[in-house]
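Notes follow in the order I looked things up.

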Amino acid sequence: MNFALSQEMTMPGSARETAALLRRISRTPLSVMEVCGTHTVSIFRSGIRSLLPQTIRLVSGPGCPVCVTDQGEIDAAISLLEKGAVVVSYGDMFRVPCGRGSLSSKRAEGYDSRIASGAMDALAVALENPEREVVFLGVGFETTAPATAVLVEEAARRNVCNLSVLSFHKMTPPAVRILAQDPALLGLGGFLLPGHVSVILGHEPFAFLPRQFGLPAVIAGFEPDQILLGLAEIVRQHESGIPALSSVYGRAVRPEGNLKAKAALERVFEVRDASWRGIGVIPESGLSLGKKYRAFDAEVKFGITLSPGTPPPGCRCGEILTGRITPPECPLFRTKCTPASPVGPCMVSSEGTCGAYFRFFKGGRS
Ligand code: SF4
């Protein structure tokens with residue numbers, strides 16, 4: 001690990017001073033992927049791109065949980081609605097369209113889909129409606145999966161038989177690995193890694209980036225000055241030719257991660273292959289309920305066989321999520337696809353790259 005610059009730069013100083021330092025030390029071209037949708041939105045909202053030297057190009061990655069949820073996975077949730085189940089999930093999932101509508105449009109048709117502010121809301125719905133089957137649609141990365149694990153353990157402890165979980169949780173490191181080795185993205189010179197995922201996982205799961213691929217990798221928080229610190233550390237490593245895994249997220253990220261959360265994940269889930277929208281199946285990148293909790297696995301309970309869905313015609317979310325194109329390169333951007341009438345999930349989600357470009361990008365460097 002190399003924390004030298006991180007310590008120096010966490011001395012008091014404004015984001016603009018950090019940006020000025022970054023401009024001073026950046027000499028050769030460098031493309032950096034910010035993996036997480038929260039980083040993408042913060043970068044746009046704060047105007048960080050305008051502070052960067054021409055040598056640095058930012059590429060948005062696949063870290064929007066709603067965006068990477070495969071069409072077939074949403075289809076499975078809708079099929080359960082149509083069978084009469086109550087489907088509970090996070091609000092961002094509701095407007096994501098698939099061929100058969102969305103959780104939101106289905107609700108308008110009279111089906112019972114409900115927005116949750118947290119996984120435990122599904123338990124409350126199940127307890128209030130003992131005669132109904134209640135299914136929690138669990139999506140997101142290592143940040144939301146522990147809450148689903150707690151839900152499952154609590155449902156088992158209280159023997160709540162009318163609750164089950166459609167677990168489409170995904171793990172970040174396998175997707176980052178795919179992108180690091182993707183020949184089409186060979187121009188990538190470093191990764192800005194999500195602080196909240198690393199709070200759970202710790203350092204080790206991303207250590208393959210410098211070790212195996214020789215790429216700088218820096219864990220950063222979501223405030224503009226933390227993002228700039230992270231970028232400066234990536235630039236420093238790039239210019240020095242000594243890649244490392246570093247953190248500028250202060251004490252929030254312990255090298256070993258959150259042991260309690262990791263233990264909950266291990267107790268409840270097992271690793272499986274998962275289908276990522278636009279990327280395809282990534283081996284060992286998803287979490288399904290383990291054997292002990294099969295009775296709460298909605299795929300088992302309702303005999304669901306997942307099959308990859310077909311993306312909406314013309315939608316290029318897959319290329320957006322892998323940094324191959326930017327949203328203005330999609331012919332539907334701002335024409336047929338807007339936040340009010342989204343064609344794909346990258347426009348729906350508050351963390352989606354297309355939505356961020358729509359709200360914040362007014363031309364210039366993309
Ligand atoms: Fe899909 Fe709309 Fe983004 Fe185009 S602009 S990639 S249609 S979400």
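This is a predicted model: local features need pLDDT of at least 70, side-chain atom pairs count only at pLDDT 80 or more; totals for chains, interfaces and linings use all residues.

**Sheet.** As background, strands of a sheet pair through backbone hydrogen bonds, either parallel or antiparallel.

I then followed β11 into its partner. It is joined to β12 (residues 280-289) by 7 bridges, and the two run antiparallel. For a landmark I noted alanine 274, which stands opposite isoleucine 282 in β12.

**α8 against α9.** Next I looked at what else α9 packs with. Helix α8 (residues 120-128) and α9 pack at an angle of about 30°, with their axes 8 Å apart. Angles under 35 degrees count as roughly parallel, and α8 and α9 are therefore roughly parallel to each other. From α8 the contact uses Met120, Ala122 and Leu123, and from α9 it uses Val150, Leu151, Glu154 and Ala155. By class I have 6 nonpolar, no polar and 1 charged residues there.

Is glutamate 154 buried or exposed? I checked: glutamate 154, in helix α9, has 18% relative accessibility and counts as buried. Leaving aside neighbours within four places in sequence, glutamate 154 is in contact with Met120 and Leu123.

What does glutamate 153 touch, neighbours within four places in sequence left aside? Glutamate 153 also lies in helix α9, and I found it in contact with Arg267, Val268 and Tyr293.

**Cores.** The largest nonpolar core has 78 residues, of which Leu103, Leu137, Leu163 and Leu166 touch the most other members. Helix α6 (residues 71-82) gives the most to this core, with 6 residues. I clicked on leucine 103 and skipped neighbours within four places in sequence; its contacts are Ala77, Ile78, Leu81, Val87, Met93, Phe94, Ser113 and Leu137. There is also a second, separate core of 24 residues, which includes Val35, Leu188, Ile219 and Leu245.

**Helix α3.** How many of the residues of α3 (residues 37-46) are buried? I get 7 of 10, so I wrote it down as mostly covered, with buried meaning under 20% relative accessible area. The buried ones are Gly37, His39, Thr40, Val41, Ser42, Ile43 and Phe44. Just after α3, glycine 47 takes a positive phi of about 75°.

Most residues other than glycine have a negative phi. I noted two that go the other way.
- Glutamate 284 is not a glycine, yet its phi is positive, about 50°. Glutamate 284 is found in strand β12 and is exposed, with a relative accessible area of 54%.
- Arginine 334 is not a glycine either, and its phi is positive at about 65°. Arginine 334 lies in the loop between α16 (317-321) and α17 (345-348) and is partly exposed, with a relative accessible area of 37%.

**Proline 65.** Last stop for today. Proline 65 has its place in helix α5 (residues 65-68) and is partly exposed, with a relative accessible area of 23%. Not counting residues up to four places away in sequence, proline 65 touches Gly140, Phe141 and Glu351. Proline 65 and threonine 172 are 107 residues apart in sequence and 10.0 Å apart in space, C-alpha to C-alpha.

Note on methods. Residues are numbered from 1 along each chain as its sequence is written. Side-chain values use heavy atoms; hydrogens and water are left out. Two strands pair if DSSP finds at least two bridges between them. Helices (H or I, at least four residues) and strands (E, at least two) are DSSP runs, numbered from the N terminus. Axes are lines fitted to C-alpha atoms, for helices over the stretch in contact, and angles run from 0 to 180 degrees between N-to-C directions. Angles under 35 degrees count as roughly parallel, over 145 as roughly antiparallel, 65 to 115 as roughly perpendicular and the rest as oblique. Contact means heavy atoms within 4.5 Å. Ala, Val, Leu, Ile, Met, Phe, Trp, Tyr, Cys and Pro count as nonpolar, Asp, Glu, Lys and Arg as charged, and the others, Gly among them, as polar. A nonpolar core is a set of buried Ala, Val, Leu, Ile, Met, Phe, Trp, Tyr and Cys residues joined through side-chain atoms within 4.5 Å. Buried means under 20% relative accessible area, exposed over 50%, partly exposed in between (1.4 Å probe, protein chains only).
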